[in-house]
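Please examine the sequence and the three-dimensional model shown below.

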Amino acid sequence: MSAEPTTPTTPSGYRWSTLTRKDLTAWAALVNHLAVVDGTEEHLSAEDLGEELAGPGRDPERDTWAVWDGEDLVGFASVTVPPLTDHSGSARAYLGGGVHAEHRGRGLGTALMDRAEARALELLGQRHPGVSPAHLSAGGGLEGSSAGELLAARGYAVVRYFDLLTRGLQDLPPVPAIEGVELGVPRPEDEEEVMRAHNVAFKDHWGSGPTDPERWHEHWASRSARPGVSTLARGRGGELDGQVLGYVLVGQWVDREAYVTILGTVPQARGRGIGAAALAHTLRLVADSGDFDAIELDVDSDSPTGATRLYDRLGFTRKFRTVAMRRPVTEVAG
């Protein structure tokens, strides 16, 4: 199935614009409303959204849309197209957004998607001309959500399930000692080396692609990053001496709640329990900081590295499941 641009619909009675920095407070209010009513708990502050709006490769005047009812922001959409294909060679566009619960059923979701998909196809053509395969990607929320229904009606299908796992900070597991491995917290000067390790570690992870320095820095140095409770595992002695073997990077968006943004182990170091040791180390750091009551993370339920078993052993339990949805693009125009 190909994705073709459509003539955007425009429901009456609303004002349309793009998202700007002066809209950050209203945007955050809508995003946090959606986190509650849709049950996804994806809370963001105005400052977090300001970083997103200014992110590399983003042109807010062309890549975002906002729908207003008077002074209230009631809908938005955004598009991001990475400059590199994923590890399978596929070009992809990510579409995000939502509509306030009181304004659903009026065609706003369809109107926003019309615009976002058209822009996504344009960006794919600019950044990945002639690449095949390609796809449009969007989060479908919890199973059976209104977002998932809208996406399904537009030709998207569920391609993956992700579990949000949570754990309190009591009865923590011991941090195992692994011969030839040293655990510590990341330093600013580790940024490039950890990026290289990450690009190697995620080569076999579904849907992932190489990260370029500009986008990695956005993640590494964001206001939400919590390096003081993150963990690096380095080799000590032997062929892997000094190399980053594994990492657990932590962020924070919700008061008293830590969130594991990325966890990985390079392929040549797998099977030694390094990922489990690094996460156990982070659990201790999070608990000892006194700044948190819980820690959470999302995991691909079909992860090829057996990550779900690792988290089970460390006391994490599933909170809920969300779906990832895709619509194929058979040909990217140049």
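This is a predicted model: local features need pLDDT of at least 70, side-chain atom pairs count only at pLDDT 80 or more; totals for chains, interfaces and linings use all residues.

Strand S3 is mostly covered, with seven of its nine residues buried.

These strands belong to an open sheet of twelve strands with mixed pairing, arranged in the order S1-S2-S3-S4-S5-S12-S6-S11-S10-S9-S8-S7. Its edges are formed by strand S1 (15-17) and strand S7 (181-184), each of which pairs on one side only. From one strand to the next, the twist averages 20°. Helix H4, spanning residues 108-127, packs on this sheet and touches S1, strand S2 (64-69), strand S3 (72-80), strand S4 (91-99), strand S5 (134-142) and strand S12 (317-329). The direction of helix H4 makes about 160° with that of S4.

Further along the sheet order, strand S6 can be followed through both of its neighbours. Nine bridges connect S6 to S12, and the two strands run antiparallel. Strand S6 also pairs in the antiparallel sense with strand S11 (residues 294-300), over seven bridges. Asp163 illustrates both pairings: its bridge partner in S12 is Arg321, and in S11 Asp163 stands opposite Val299. Another antiparallel pair consists of strand S9 (residues 244-254) and strand S10 (residues 257-265), joined by seven bridges. In this pair, Tyr247 has Gly264 of S10 as its bridge partner.

The axes of helix H1 (residues 24-37) and helix H2 (residues 46-53) come within 8 Å and cross at roughly 110°. Helix H1 is therefore roughly perpendicular to H2. On the H1 side, the contact is made by Leu24, Thr25, Trp27, Ala28 and Val31, and on the H2 side by Ala46, Leu49, Gly50, Glu52 and Leu53. Sorted by class, the contact of H1 with H2 comprises seven nonpolar, two polar and one charged residues.

Arg154 lies in the loop between helix H5 (146-153) and strand S6 (157-168). Is Arg154 buried or exposed? Arg154 counts as buried because its relative accessibility is 13%, below the 20% limit. The side chain of Arg154 is joined to that of Glu117 by a polar contact of 3.0 Å.

Trp216, located in helix H7 (residues 213-220), is likewise a buried residue, since its relative accessible area is 2%. Leaving aside residues up to four places away in sequence, Trp216 touches Glu191, Val194, Met195, His198, Thr211, Leu249 and Ile262. With Glu191, the side chain of Trp216 also reaches the backbone oxygen, at 3.1 Å. Glu71 provides a reference point elsewhere in the chain: 145 residues separate Trp216 and Glu71 in sequence, and their C-alpha atoms are separated by 35 Å.

Several details of backbone geometry complete the picture. Most residues other than glycine have a negative phi, and most peptide bonds are trans. Against this background, a cis peptide bond joins Ser132 and Pro133, with omega about 5°. Pro133 is situated in the loop between H4 and S5. Asp171, although not a glycine, has a positive phi of about 50°. The loop between S6 and S7 contains Asp171, which counts as exposed because its relative accessibility is 73%. Arg256 likewise has a positive phi, near 70°, in a residue other than glycine. Arg256 is found in the loop between S9 and S10 and, at 29% relative accessibility, counts as partly exposed.

Technical notes: Residues are numbered from 1 along each chain as its sequence is written. Side-chain values use heavy atoms; hydrogens and water are left out. Two strands pair if DSSP finds at least two bridges between them. Helices (H or I, at least four residues) and strands (E, at least two) are DSSP runs, numbered from the N terminus. Axes are lines fitted to C-alpha atoms, for helices over the stretch in contact, and angles run from 0 to 180 degrees between N-to-C directions. Contact means heavy atoms within 4.5 Å. Buried means under 20% relative accessible area, exposed over 50%, partly exposed in between (1.4 Å probe, protein chains only). A polar contact is a pair of N or O atoms within 3.5 Å; within protein, one must be able to donate a hydrogen and the other to accept it, and residues adjacent in sequence count only if both atoms are side-chain atoms. Angles under 35 degrees count as roughly parallel, over 145 as roughly antiparallel, 65 to 115 as roughly perpendicular and the rest as oblique. Ala, Val, Leu, Ile, Met, Phe, Trp, Tyr, Cys and Pro count as nonpolar, Asp, Glu, Lys and Arg as charged, and the others, Gly among them, as polar.
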